[in-house]
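Here's a walk through a protein fold for anyone meeting it for the first time. Have a look at the picture, then read on.

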Amino acid sequence: MTKIILHGGFTRDDNELNRSYYREITKDLKDGNTVLVVLFARKKEEWADLFQDETRKLTASTGASLKIELASEDNFMEQVKLASAIVIRGGDTLKLIGTIKQHSNFMEAIKGKVVAGSSAGAYLFSK
């Protein structure tokens, strides 16, 4: 079953709402599972810091040893297929939606996975 977790945003803040968001993402993951972090809504020069932040929060939320990977536009769909969970961070909604639309089978590919969207990432799953 696909599990979609939606979050309003400001995940960079350290507070209980954000900690519970990350716990929900990781609670059913096992050692060795891959979490794909999608930062397409942000400028590429921000990706390194944001990926480090996501890695820290995901790691702190679980006792499992996860493989946390940064999504690449070049091999995105292959990464989605191999991931157990996908975390889509917010930013520029139109930029994110434009990039995801280039992968017409994205919604099919996430079936059976944990998918978390924050801010612009949540908009992907709304009309």
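Which strands does helix H2 lie across? Helix H2, made of residues 47-60, lies across strand S2 (34-38), S3 and S4, and it runs at about 160° to S3. Keep in mind that this is a predicted model.

**The sheet**

Let's turn to what sits under that helix. Five strands make an open sheet, and going across it you meet them in the order S1-S5-S4-S2-S3, with parallel pairing. Strand S1 (3-7) and strand S3 (67-70) are at the edges; each has a single partner strand, so one side of each has no neighbour in the sheet. On average, neighbouring strands here are turned by 15° against each other, direction ignored.

Two of the pairings can be followed down to single residues. The table puts them side by side.

| Pair | Bridges | Residues opposite each other |
|---|---|---|
| S1 and S5 (residues 114-118) | five, parallel | histidine 7 and serine 118 |

**The helices**

How do H1 and H2 meet? They pack at an angle of about 70°, with their axes 8 Å apart. Angles of 65 to 115 degrees count as roughly perpendicular, so that's what H1 and H2 are to each other. H1 brings Tyr22, Ile25 and Thr26 to the contact, and H2 brings Glu54, Lys57 and Leu58. Sort those residues by type and you get three nonpolar, one polar and two charged.

**The core**

Ile25 turns up again inside the protein. The largest nonpolar core has 37 residues, and Ile25, Val38, Phe76, Ile86 and Leu96 are those with the most contacts inside it. Among the elements giving two or more residues to this core are H1, S2, H2, S4 and S5, along with helix H3 (76-82) and helix H4 (93-101).

What does leucine 96 touch, leaving aside its neighbours within four places in sequence? Its contacts are Val38, Phe40, Ala41, Ile88, Ala120, Gly121 and Leu124.

Definitions and conventions
Residues are numbered from 1 along each chain as its sequence is written. This is a predicted model: local features need pLDDT of at least 70, side-chain atom pairs count only at pLDDT 80 or more; totals for chains, interfaces and linings use all residues. Side-chain values use heavy atoms; hydrogens and water are left out. Two strands pair if DSSP finds at least two bridges between them. Helices (H or I, at least four residues) and strands (E, at least two) are DSSP runs, numbered from the N terminus. Axes are lines fitted to C-alpha atoms, for helices over the stretch in contact, and angles run from 0 to 180 degrees between N-to-C directions. Contact means heavy atoms within 4.5 Å. Angles under 35 degrees count as roughly parallel, over 145 as roughly antiparallel, 65 to 115 as roughly perpendicular and the rest as oblique. Ala, Val, Leu, Ile, Met, Phe, Trp, Tyr, Cys and Pro count as nonpolar, Asp, Glu, Lys and Arg as charged, and the others, Gly among them, as polar. A nonpolar core is a set of buried Ala, Val, Leu, Ile, Met, Phe, Trp, Tyr and Cys residues joined through side-chain atoms within 4.5 Å. Buried means under 20% relative accessible area, exposed over 50%, partly exposed in between (1.4 Å probe, protein chains only).
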